[in-house]
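Colleague: Could you walk me through the pockets in this one? I'd like to go slowly.

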Amino acid sequence: NLRVDNGCLKIEARQESYESRDYTSAKLISKDEGNWTYAKIEVRAKNPTGKGTWPAIWLLPSNQIYGGWPKSGEIDLMEHVGFSPDSIYGTVHTDAFNHLKGTQKGGVIHSADNETSFHVYGIEWTKNKIDFFLDNQLYFSFKNDNNSSAEWPFDQAFHLIINLAVGGNWGGLHGIDNSIWPQIFEIDYVRVYQKNNV
């Protein structure tokens with residue numbers, strides 16, 4: 001389900017039985033290998049296609065200093081669901097703003113060829129805000145209003161996760177097309193930049 005081919009990381013989801021599941025895929029987690037507080041992160045990737053696919057590039061807190069999800073936050077750098085093929089989503093979840101309450105904060109941008117061409121998905125995360133980009137085009141900004149950790153838990157170390165889910169509460173919202181497998185989420189590069197402390 002996971003390989004490097006000609007310098008490109010490929011996560012492949014397959015329809016096959018494994019441990020009482022009907023599909024297999026893979027997830028990469030940088031925890032203990034890459035943890036960052038404030039950074040510019042760019043991932044050049046090409047999304048899979050078809051109803052039931054749910055590729056994601058996201059960040060979770062490495063130590064959860066404010067408590068379990070969603071209290072310590074989540075940053076969804078890029079999500080794509082196959083039933084909405086031209087849509088790219090960037091979202092944050094916190095104790096005050098999360099999808100369980102229907103209060104999550106996020107943006108959407110449209111890209112007609114995201115399933116056939118590589119694009120650069122990114123965030124610029126500082127003490128004051130998190131900006132979301134597609135090919136350097138800003139499409140959503142989440143600002144720190146300096147209220148409490150319930151709204152801004154993003155002052156701690158986070159790690160990166162890249163995965164291709166099949167189905168699920170969002171990816172499977174309109175079912176799964178069983179004629180499309182296998183599907184591949186391709187990652188050309190991941191780049192993380194941080195400013196020197198001055």
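Colleague: Which elements each supply at least two residues of the lining of the largest pocket?

Modeller: In this predicted model, the strands that do so are β3 (21-24), β7 (53-61), β8 (74-79), β9 (87-93), β10 (105-110) and β14 (158-166), and the helix α1 (168-171) does so as well.

Colleague: And what classes of residue are in the lining of the largest pocket?

Modeller: The lining has eleven nonpolar and eleven polar residues, together with six charged ones.

Colleague: What about the second largest pocket, which residues are closest to its centre?

Modeller: That pocket is lined by 13 residues, and those closest to its centre are Tyr-38, Ala-39, Trp-125, Thr-126 and Lys-195. Two or more lining residues come from each of β6 (39-46) and β11, and by class the lining divides into four nonpolar, five polar and four charged residues.

Colleague: How much space lies in the second largest pocket?

Modeller: About 340 Å³, whereas the largest pocket has a volume of about 760 Å³.

Colleague: Let's switch to Trp-125, then: is it buried or exposed?

Modeller: Trp-125, which is found in strand β11 (residues 119-125), has a relative accessible area of 2%, so it counts as buried, the cut-off being under 20%.

Colleague: What does Trp-125 touch, leaving out residues up to four places away in sequence?

Modeller: Its contacts include Trp-36, Tyr-38, Ala-39, Ile-75, Trp-152 and Phe-154.

Terms used:
Residues numbered from 1 in each chain as written. Predicted model: local features only at pLDDT ≥ 70, side-chain atom pairs only at ≥ 80, totals over all residues. Heavy atoms only, no water. Helix = DSSP H or I, 4+ residues; strand = E, 2+ residues; numbered from the N terminus. Buried < 20%, exposed > 50% of the residue type's maximum accessible area, 1.4 Å probe, protein only. Contact = heavy atoms within 4.5 Å. 1 Å grid on protein atoms, 1.4 Å probe; cavity = no way out; pocket = protein on both sides within 12 Å on 5 of 7 lines; lining within 4 Å. Points joined across faces, edges and corners; volume = space filled by probe spheres on them. Nonpolar A, V, L, I, M, F, W, Y, C, P; charged D, E, K, R; others polar.
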